[in-house]
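Please keep the sequence and the 3D view at hand while reading.

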Amino acid sequence: MNYVVVDRGDQLSKQLAARFHELAGASGMTLNEKAPEMVISIGGDGTLLQAFHSYSDRIAEVAFVGVHTGHLGFFADWKADELEELVRMMTEAAPRIIRYPLAQIELDTAEGIVNRLVLNEFTIKGVDGTLVAQIDINDELFEMFRGDGIVVSTPSGSTAYNKSLGGAIIHPSLEAIQIAEIASINNRVYRTLGSSAILPQHHHCDIISRKQQRLQLSFDHINMMSSDIRSIRCSVAAHKISFARYRPFPFWTRVREAFLGYDVK
Ligand code: NAP
């Protein structure tokens, strides 16, 4: 099996990555940074976001496994002291492949169309103040947004930024995207929906910002600034991310442990 390790860069993650290479080498696995079948992320959920963006151009060919150096995460289901067991299972057992939806973000820029995939969410904010943008759903005007920004998340990203905004948690077996507002202005002149909206796989939304606005765009943890975006189309991506599961890791258990803070024995 061809594999690669992406680590967070801190001392513990680097030590664990070195140990993983030792164990994997002794078990007949081959390090292949260009064309891995398995991407092992060591750090936290943020590290898995980095690993995803490093290999998003090979998304149909790779599966991801997450090792957490602290508490268990949403994407990282193995603990630091379980590396031996993980490598043993990787070499002895066929994993269950779990596929989660991604969001496709299509930017219409002065230079042409640019496509990006996100695992958690896409965020748009105004750089110089209030974001003013028209939101269309399925090519019809839905609302004029004024406020701090808009977050369009995937189901697996619904537990991240989206949750802080009061958005719903969506099980990742549902193919959907969720549009959540960041501090919208609502009064007699300006009106937005006020709650988050969930679009199914066959719908799309367009965000058309006022001309010459400087925008801050975030694709998961990757930030950029732009002033030449004409519109942004958000939809459920055709491709999904694959996670290799060697043991159960139920979504609602993760939600309970992360946000309610207790284990059921
Ligand atoms: P960060 O500020 O270092 O970490 C953000 C936190 O979100 C970390 O605790 C991370 O877990 C956690 N996280 C990541 N994906 C998650 C998920 N799907 N469900 C639940 N928690 C998740 O930023 P980063 O590491 O560069 O990660 C970027 C992410 O930060 C963005 O995708 C966005 O979701 C999130 N964010 C949240 C807010 C907010 O809630 N107000 C604001 C901006 C960005 P680990 O510690 O395991 O890495």
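By class, how many nonpolar, polar and charged residues does the lining of the second largest cavity have? The model is a predicted one, and in it the lining of that second largest cavity has five nonpolar, no polar and two charged residues. The points below begin with the ligand, then turn to the pocket, the cavities and the backbone.

**Ligand shell**

- The ligand is surrounded by 16 residues, and the closest of them are D45, G46, E121, T159 and S164.
- Sorted by class, this shell around the ligand consists of five nonpolar, eight polar and three charged residues.
- Helix α2 provides three residues, which is the largest share of the shell around the ligand.
- Both domains take part, since the shell draws at least three residues from domain 1 (2-95 + 246-260) and at least three from domain 2 (102-239).

- A polar atom in the side chain of E121 is placed 2.5 Å from an oxygen atom of the ligand.
- For G46 it is the backbone that takes part, with an N or O atom 2.8 Å from a ligand oxygen atom.
- The side chain of H68 has an N or O atom at 3.1 Å from an oxygen atom of the ligand.
- Taken alone, the ligand exposes 850 Å², of which the protein buries 59%.
- Two or more residues of the shell around the ligand are given by each of α2 (45-54) and α4 (161-164).

**Largest pocket**

- The largest pocket has a volume of about 350 Å³, and 16 residues line this pocket, with L72, G73, F249, R254 and E257 lying nearest its centre.
- Helix α5 (residues 251-260) contributes four residues, the largest share of the lining of this pocket.
- The lining of the largest pocket divides by class into six nonpolar, three polar and seven charged residues.

**Enclosed cavities**

- The count of cavities of 30 Å³ or more comes to two.
- The largest cavity holds about 60 Å³ of space, and its lining is made up of I135, I137, F142, E143, I179, E181, L193, S195 and A197.
- At least two residues of the lining of the largest cavity come from each of β9 (131-137), β10 (140-153) and β11 (176-184), and by class this lining has six nonpolar, one polar and two charged residues.
- The second largest cavity holds about 30 Å³ of space, and the residues lining it are I135, E143, F145, I150, I179, A180 and E181.
- Strands β10 and β11 are the elements that give two or more residues to the lining of the second largest cavity.

**Backbone with positive phi**

- A183, found in strand β11, has a phi near 45 degrees, which is a positive value in a residue other than glycine.
- D220 also has a positive phi, of about 55 degrees, although it is not a glycine, and D220 is found in the loop between β14 (215-219) and β15 (222-226).

Notes
Residues are numbered from 1 along each chain as its sequence is written. This is a predicted model: local features need pLDDT of at least 70, side-chain atom pairs count only at pLDDT 80 or more; totals for chains, interfaces and linings use all residues. Side-chain values use heavy atoms; hydrogens and water are left out. A residue is near a molecule or strand if one of its heavy atoms lies within 4 Å of it. A polar contact is a pair of N or O atoms within 3.5 Å; within protein, one must be able to donate a hydrogen and the other to accept it, and residues adjacent in sequence count only if both atoms are side-chain atoms. Accessible areas come from the Shrake-Rupley method with a 1.4 Å probe; for residues, only the protein chains shown count as cover. Ala, Val, Leu, Ile, Met, Phe, Trp, Tyr, Cys and Pro count as nonpolar, Asp, Glu, Lys and Arg as charged, and the others, Gly among them, as polar. Domain bounds come from an automatic or database domain assignment. On a 1 Å grid over the protein atoms alone, a cavity is a set of points where a 1.4 Å probe fits but cannot get out, and a pocket is an open set with protein on both sides within 12 Å along at least five of seven lines; lining residues have an atom within 4 Å of a point. Grid points are joined across faces, edges and corners, and a volume is the space filled by probe spheres set on the points.
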